[in-house]
Amino acid sequence: RPGRVILSGIQPTGIPHLGNYLGALSNWVKLQKSAEPEDKLLFSIVGWHALTLPQDPASLLTARNDMLAVLLAIGIDPNRSILFHQDHNPHHTELSWILSCIAPMGKLRRMTTWKSRLATARNSSSEDEVDESMLNAGLFMYPVLQAADVLVYKATHVPVGDDQQQHIELTRDLADIFNRTFKGTSPLFPLPTYVNTPSKRILSLKDPTSKMSKSSPDVQSRILLTDNASQIQSKIRAAVTDSIRALLTILKVARVAKAYESQGHGTLKRDVAEAVEEFLKGPRAQFNRIRHETTYLEEVARRGAIRAIEHSEVTMMEVKTRLGL
Ligand code: ADP
Ligand code: NA
């Protein structure tokens, strides 16, 4: 079979928590392991997308380097996969503009991510008449840029969470509109497939009805990839038992499951904390090492950008030819 082009991205918005790791990033590493030699893998740190929310420049710079170090630390191999900063390849924004010129406004308005932004803006305002003017146009265009991320590499497989499925459908729609509007000898863009990664929803340590999230103001509700053993212990000790039970199921620690049946919550929490520590200590040690190797990180980013641009260059030339540019 022809090789797949697998692409996924993550925003550089701080050190990932256990939910990001188990729910998204660990799947990238599994994909890298299971991919055939002819498959191409592209993993992108999507800085342009991060700009849709207010960012402190110094923090953004740190977060971009943190995320690159995290991806290397968990096992993304920059020789096997193309690991790069989205904002290092100008083709993403170029194609995004082109796609925005064929993207129906109505379709963008129907994106649930946009609708929930609007709902949040409405809820947070005391005025009766609150509308789109409270939100920036970047948030509205977010899925078009994401479509460009995918199509610029002619990606065929996009592993993302459930919340992103609608964006992949939009990507297919935009690819199809482009293909039909600018017919050449053959359709330019393959229609990408949404790959639903087995969703392991990690719950907030403080509230089992919501997921672990970086947007929660309570830092005790999440375990970061870089937390040390004593931070893990104290967060789990203070956690709600239902969240810990759910975590236990996901970590599938038989030893701990047994302990839970026979012993009290204290023992359960201690064992789960040990299991989490066991799970995170490798990546954490790698992160602490790599994060300080500034020259290495720069080199990885530079090589990633060159390889990414090599791939998208051909597509952009084809796109421009079809458009008459
Ligand atoms: P957050 O909710 O912390 O802001 P993002 O929305 O940036 O995280 O999500 C980044 C990736 O991590 C997405 O693929 C998302 O599906 C996944 N993810 C986020 N939180 C969790 C969680 N608690 N459990 C499992 N996966 C998660
Ligand atoms: Na989020």
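Why is Glu277 partly exposed? Let's start there. Glu277 counts as partly exposed because 19 other C-beta atoms lie within 10 Å. The cut-offs go like this: a residue is buried if 20 or more other C-beta atoms lie within 10 Å of its own, exposed if 12 or fewer, and partly exposed in between, with C-beta atoms placed from the backbone.

Quick housekeeping. This is a predicted model, where local features need pLDDT of at least 70 and side-chain atom pairs count only at pLDDT 80 or more, while totals for chains, interfaces and linings use all residues. Residues are numbered from 1 along each chain as its sequence is written, and chains are lettered from A and ligands numbered from 1 in the order in which they are written.

Okay, back to Glu277, which is found in helix H12. Helices (H or I, at least four residues) and strands (E, at least two) are DSSP runs, numbered from the N terminus.

H12 itself covers residues 265–290. From first C-alpha to last, its 26 residues reach 37 Å, close to the expected 38 Å; that expected span is 1.5 Å times one less than the number of residues. H12 also bends by about 40° at Leu280, with Pro283 following within four residues. The bend is the angle between axes fitted to the seven residues ending there and the seven starting there. Both Leu280 and Pro283 are among the buried residues of H12.

Now the strands. S1, residues 5–10, is mostly covered, with five of its six residues buried. S1 pairs with S2 in the parallel sense over six bridges, where pairing takes at least two DSSP bridges between two strands. Ile6 stands opposite Leu41 in S2. Getting from S1 to S2, the chain goes through H1, and this β-α-β crossover is right-handed: with the strands pointing away from the viewer, the path from the first strand over the helix to the second runs clockwise.

S2 also pairs with S3, again parallel, over four bridges, and Leu42 has Ile82 as its bridge partner in S3. Ile82 and Phe84 point one way from S3, Leu83 and His85 the other way, and all are buried.

Last stop, ligand 1. Which helix gives the most to its shell? That's H1, residues 18–34, with five residues. Of the 18 residues around ligand 1, the ones that come nearest are Gly19, Gly23, Ala24, Gly161 and Lys211; being around it takes a C-beta atom, placed from the backbone, within 6 Å.
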